[in-house]
Amino acid sequence: MIELITVAHVRLLADDRIGATESMNTAMTEAIVQRLPHQLQRIVRTAGDRLPDMRGQAVQALDRIRQEMPA
């Protein structure tokens, strides 16, 4: 996941939004399956304002994971 998010960041810097979205989608799926909120946070930061839909999806997934975690 770390590599996928890094690749997505590089693709965004190269203005390849489609490639960045693909990498982030794969990373987000794995982060959800493995229940890794810190990776979802990285996706939120990386997507930022350039990929608002991806950012929103990651925020929603992060909120769901946080709600499911014991207090």
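Me: What makes Ile32 and Leu40 contacts of Ala61, leaving aside its neighbours within four places in sequence?
Reply: Contact means heavy atoms within 4.5 Å, and Ala61 has that with Ile32 and Leu40, once neighbours within four places in sequence are left aside. By the way, this is a predicted model, where local features need pLDDT of at least 70, side-chain atom pairs count only at pLDDT 80 or more, and totals for chains, interfaces and linings use all residues. Residues are numbered from 1 along each chain as its sequence is written, and side-chain values use heavy atoms, with hydrogens and water left out.

Me: Why is Ala61 called buried?
Reply: Its relative accessible area is 2%. Buried means under 20%, exposed over 50% and partly exposed in between (1.4 Å probe, protein chains only), so Ala61 counts as buried.

Me: Where is Ala61 found?
Reply: In helix 4; helices are DSSP runs (H or I, at least four residues), numbered from the N terminus.

Me: How do you know what span is expected for helix 2?
Reply: The rule is 1.5 Å times one less than the number of residues. Helix 2 (residues 17-33) has 17 residues and reaches 24 Å from first C-alpha to last, close to the expected 24 Å.

Notes. Helices (H or I, at least four residues) and strands (E, at least two) are DSSP runs, numbered from the N terminus.
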